[in-house]
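Dear colleague,

I am handing over a structure for you to look through. Please open it first, and then read the notes below alongside it.

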Amino acid sequence: MFAFKKFILPCVSLFILVACSKSPQNTPDPNPPIEPPPIKPPVEQPSNQKCTLLKGVYYQNNVAYDSSEFVYSDTSIIRTNEASGRYYTFEYSNGTIVKRNHFLKGANQAAAYTNFSYNAENNITAIEIYDGNNKVRSFYFNYNAGKLEKLVAKKFSSITSSEVVEYETSYTYTGENITQSTKVQNIGGNTQTEVINYSYDNLDNFLKKRTNAFLVEPYFFSLEGSLYPYFFSKNNIKGIVYNGGANSPHTYRTNTSGYLTEITINNQIASRYRYECK
């Protein structure tokens with residue numbers, strides 16, 4: 001949560017004494033000049049241009065801390081370069097991303113990779129992360145009538161030499177939007193529950209316009225269950241309430257073609273985007 005400073009402006013009384021005197025009355029001009037109408041600023045018309053995402057810049061406390069540049073083959077993103085020097089490459093099958101390779105700065109060999117699986121409707125069903133040849137973490141997606149119903153996160157246990165459940169997040173819908181997520185996690189033998197409520201605007205989801213955004217953009221690689229309503233809902237999140245606390249308002253800016261150019265959360269910049277449109 002962000003702390004807001006209160007600014008108190010002191011009241012200052014300003015007394016102005018104005019001396020007035022009568023002016024002689026002038027005879028009105030029978031043919032007064034006609035003043036031209038005020039010039040209105042040009043109205044930016046909506047554009048139907050197609051835009052290609054070139055760069056994302058990410059902020060904390062309104063200060064940029066990282067950025068990503070996107071490299072394409074035709075219309076598919078095949079590489080993402082981070083300002084830190086790390087980079088990711090992507091492999092496709094029938095136009096769908098099936099693998100993401102993770103490279104450290106200056107490396108030619110991947111330090112880790114992530115596999116993606118899909119169902120017959122092309123909905124993502126599994127994200128499996130490998131460190132070398134060892135699977136370290138997995139995320140499994142369950143659907144009901146095409147809607148995301150549950151996310152199950154698992155991690156590898158060296159004790160059991162198998163995957164164990166890390167947490168589960170279930171989703172509740174109102175219409176086509178996820179309006180609540182409930183995360184249940186066992187920590188030290190104690191069950192902890194986190195409930196998040198989401199509110200929405202009535203505009204089509206800007207992030208959905210960018211295909212595979214949460215697979216190719218490092219900003220979204222956190223893979224926490226609270227992230228997915230941003231991508232699986234029809235409209236844009238305008239507010240989030242964590243465990244009954246204060247609302248975290250969201251605002252969005254777009255270019256004239258309707259592509260997302262800025263996200264702000266709690267009145268602070270979260271990310272900005274640059275495109276090539278033609």
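**The disulfide and the pockets**

The link of Cys51 and Cys277 is right-handed, with 110 degrees about the S-S bond. It joins distant parts of the chain, for Cys51 sits in strand S1 (residues 51–60) and Cys277 in strand S16 (residues 268–277), 226 residues apart. A disulfide here is a pair of cysteine sulfur atoms within 2.5 Å, and the S to S distance between Cys51 and Cys277 is 2.0 Å. A search of the whole structure finds 1 disulfide. Cys51 is buried, at a relative accessible area of 12%, whereas Cys277 is partly exposed, at 26%; buried means under 20% relative accessible area, exposed over 50%, and partly exposed in between, with a 1.4 Å probe and protein chains only.

Before going on, please keep in mind that this is a predicted model, in which local features need pLDDT of at least 70 and side-chain atom pairs count only at pLDDT 80 or more, while totals for chains, interfaces and linings use all residues. Residues are numbered from 1 along each chain as its sequence is written, and side-chain values use heavy atoms, with hydrogens and water left out.

The secondary structure of the chain comes to 2 helices and 16 strands, where helices (H or I, at least four residues) and strands (E, at least two) are DSSP runs numbered from the N terminus. Of its 278 residues, 36% count as buried.

The volume of the largest pocket is about 1,100 Å³, a volume being the space filled by probe spheres set on the points, which are joined across faces, edges and corners.

The second largest pocket has a volume of about 640 Å³, and of the 26 residues lining it, Tyr219, Tyr230, Tyr242, Ile265 and Ala270 are the closest to its centre. The largest share of this second lining, 3 residues, comes from S16.

With best wishes

Note on methods
On a 1 Å grid over the protein atoms alone, a cavity is a set of points where a 1.4 Å probe fits but cannot get out, and a pocket is an open set with protein on both sides within 12 Å along at least five of seven lines; lining residues have an atom within 4 Å of a point.
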